[in-house]
Structures are given as C-alpha cells and as structure tokens.
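Subject: Handover of a structure and notes on its contents

Dear colleague,

Please find below the structure that I am handing over to you. I would be grateful if you kept it open while reading the notes that follow.

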Amino acid sequence: YEKIEILDKNRDELTEISYTFNGMMEKLEQHYQKQQQFVSNASHELKTPITVIESYAKLLLRRGFDNKEVAQESLQAIVNESAHMHEMVLQLLDLAKNKEQLAVHYVQLELNPLLKKAASQMQQAYHRSFIVDTEMPKYIYSDEKIVKQLLFILLDNARKYSDGEVQLRATETSSHVLITIQDFGIGIPEAHIPHLFERFYRVGEDRNRKTGGTGLGLAIAQELANQLAITIEVKSIVGKGSSFTLHVPKEEQ
Ligand code: ADP
C-alpha cells in the first residue's frame, strides 16, 4: 500500500511539473511570436520611407539638374522622410532598451514646478499655449527622468492632435496622484482606445501623415509607466478632445 501511495504521489508531482512546464513553454512561444511580429512591423514601417527616399533620389538624378522645381520637391521629400526615419529609429532604440539596466530612482518631486517647466518648454518649442492649473497636490514620489519623458510624450500628442490650448492639472485620491493632460482636438473614436498603446498603432493613416507620427510614442509611454507602476487612463470625445491621466502611486511599489 505504501508503495502505491508513493507512486501516486510521484505521478501527481510529475503531472504538476509537466503542467508548469507546458505553461512556461506557451508563454515563451507567445513572447517569441510577439517579438517576431514586432520585428516584421518595424521592418515594414522603415521600408516605406526608404522606398520614398529612393524614388525621389532617382527622380532628382534624372530630372533635378534641369528642373529646379523637381529638385526642390525631391529634396524636401527626402528631408521629410529622413527625419521621420530618424525619429522612428530613436524610438525603436528606446523600446529596445534593457529594462533591467534602467535604474529607477524614486525621489520626492515638487509637482507644480515639474509641470510648469514641462509646459513652458513645450510652449517655447511649439509656440502653443500649455496652461497649468495652480491648485494641485504638492508632491509626487517618483523618478524624475522617467516621469518627464512620460509627460513629454503625452504633451506632444496633445499638441499634435489639436490646435487649441493644452491643459495640465492634478488631483489626488488616498492612494494616487492623478496628473491629467487635456486637449481640445480631434479626439479618438472609442473603438480605438484599447489599442492606442500597441506598437505602431495609429488611429488613421491619413491624419498621421500630416503629423508624421510613428505610432510608437504611446507604446514607449506604456513601458515607462509600467516601470513606475503608473497606469494611464484615456478619455476622449471625437471632435471635442482627449485627456490622458497618469495615476501615480503615492507609495513606492
Ligand atoms: P504617433 O506617433 O502616431 O502620435 P502614438 O503612439 O503617440 O503615435 O499615438 C498613437 C495614436 O493615438 C496616434 O497616431 C493618434 O491617432 C492617437 N492619439 C494619441 N494621442 C492623441 C490625442 N491626444 N488626440 C487624438 N489622438 C491621439
């Protein structure tokens, strides 16, 4: 009897181990497929500007020497597409950064000066109004560099997808400080909201051509937010505007 019991126990253990193993393999497989998908998307996204650059360079060689207008148009297209590629490569490098190597330094940050500085830098760069609410919690406890990077991604989007002013404000709950970036621009259709943080996801191809977006900004924002246990909440009404709210934990996670 005792022998059978031991055998049974061994079998149970084996079954358990094999379940765990299968689960792990499944996760690895999913991870691998995601990675494959990412590489294939990245290559595809880089191929488009390369093709455009190549065809304009050929046009320039063929007709640019006799025709100033053709030369002007070709060179401008080459400049635009190179800038687009440059931005994409920088963002891809950002995403590829080894997260373990990115040390997180939690410090107490004065919130109002932090938001004011980010707003005034954006105002300087783009000659647009970025308005910071005066009433807000005094501090957050977080990583200055990462939070700033996160803010700039959201402020830049607010600027790109609206014409009017952009507002920054903050409130608090017992456990979190909530920082909101609000624009009064084109808004986002509800069906798209769950996908915004996926790599390369863009709401409409045309409207992004104009702004030259890559679809990587919010994917980077999500990674940065994860490092600080920050969640990002999106609210939007098409034609009225969007708000992105960072839920920053009050305690280090
Ligand atoms: P992109 O480089 O295209 O701006 P993001 O990852 O930053 O890429 O954003 C993904 C998509 O989400 C954008 O292409 C845009 O369609 C939409 N989006 C992001 N922020 C806003 C906003 N504030 N207002 C409207 N649409 C937005």
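**Basis and confidence**

This is a predicted model, in which local features need pLDDT of at least 70 and side-chain atom pairs count only at pLDDT 80 or more, while totals for chains, interfaces and linings use all residues. Residues are numbered from 1 along each chain as its sequence is written, and side-chain values use heavy atoms, with hydrogens and water left out. The average pLDDT (the predictor's confidence in each residue, from 0 to 100) of the protein chain is 92, and 95% of the residues score at least 70. For the model, ipTM is 0.99 and pTM is 0.84.

**The two pockets**

A pocket is defined on a 1 Å grid over the protein atoms alone, as an open set of points where a 1.4 Å probe fits, with protein on both sides within 12 Å along at least five of seven lines; lining residues have an atom within 4 Å of a point. Grid points are joined across faces, edges and corners, and a volume is the space filled by probe spheres set on the points.

The largest pocket holds about 680 Å³ of space. Its lining comprises 34 residues, of which Asn 157, Lys 160, Tyr 161, Gly 217 and Leu 218 are the closest to the centre. Helices and strands are named here as DSSP runs numbered from the N terminus (helices: H or I, at least four residues; strands: E, at least two). At least two lining residues come from each of helix H2 (68-96), helix H3 (111-126), helix H4 (144-160), helix H5 (205-211), helix H6 (217-227) and strand E7 (241-249). H4 gives the most to this lining, with eight residues. By type, the lining of the largest pocket has 17 nonpolar, ten polar and seven charged residues. In this count Ala, Val, Leu, Ile, Met, Phe, Trp, Tyr, Cys and Pro are nonpolar, Asp, Glu, Lys and Arg are charged, and the others, Gly among them, are polar.

The second largest pocket has a volume of about 530 Å³. Among the 18 residues that line the second largest pocket, Lys 34, Gln 35, Phe 38, Arg 199 and Glu 223 are the closest to its centre. Helix H1 (2-63), H2 and H6 each give two or more residues to that lining, and H1 gives the most, with seven. The lining of the second largest pocket divides into six nonpolar, six polar and six charged residues.

**Helix H4**

H4 has 17 residues and reaches 24 Å from its first C-alpha to its last. That is close to the expected 24 Å, the expected span being 1.5 Å times one less than the number of residues. At the start of H4, a side-chain oxygen of Asp 143 comes to within 3.0 Å of the backbone nitrogen of Lys 145. Residues buried in H4 include Ile 146, Val 147, Leu 150, Asn 157 and Arg 159. Here buried means under 20% relative accessible area, exposed over 50%, and partly exposed in between (1.4 Å probe, protein chains only).

**Strand residues**

Gln 182 lies in strand E5 (residues 176-183). Gln 182 counts as buried because its relative accessibility is 17%. Its side chain and that of Arg 169 are joined by a polar contact of 2.9 Å. A polar contact is a pair of N or O atoms within 3.5 Å; within protein, one must be able to donate a hydrogen and the other to accept it, and residues adjacent in sequence count only if both atoms are side-chain atoms.

Thr 171 belongs to strand E4 (residues 166-172) and, at 45% relative accessibility, is partly exposed. Thr 171 and Pro 137 are 34 residues apart in sequence, with 6.2 Å between their C-alpha atoms.

**Loop residues**

Most residues other than glycine have a negative phi. Phe 200, in the loop between E5 and H5, has a positive phi near 75°. Phe 200 is buried, at 9% relative accessibility. Ala 229, in the loop between H6 and strand E6 (231-237), also has a positive phi, near 55°. With a relative accessible area of 33%, Ala 229 is partly exposed.

With kind regards
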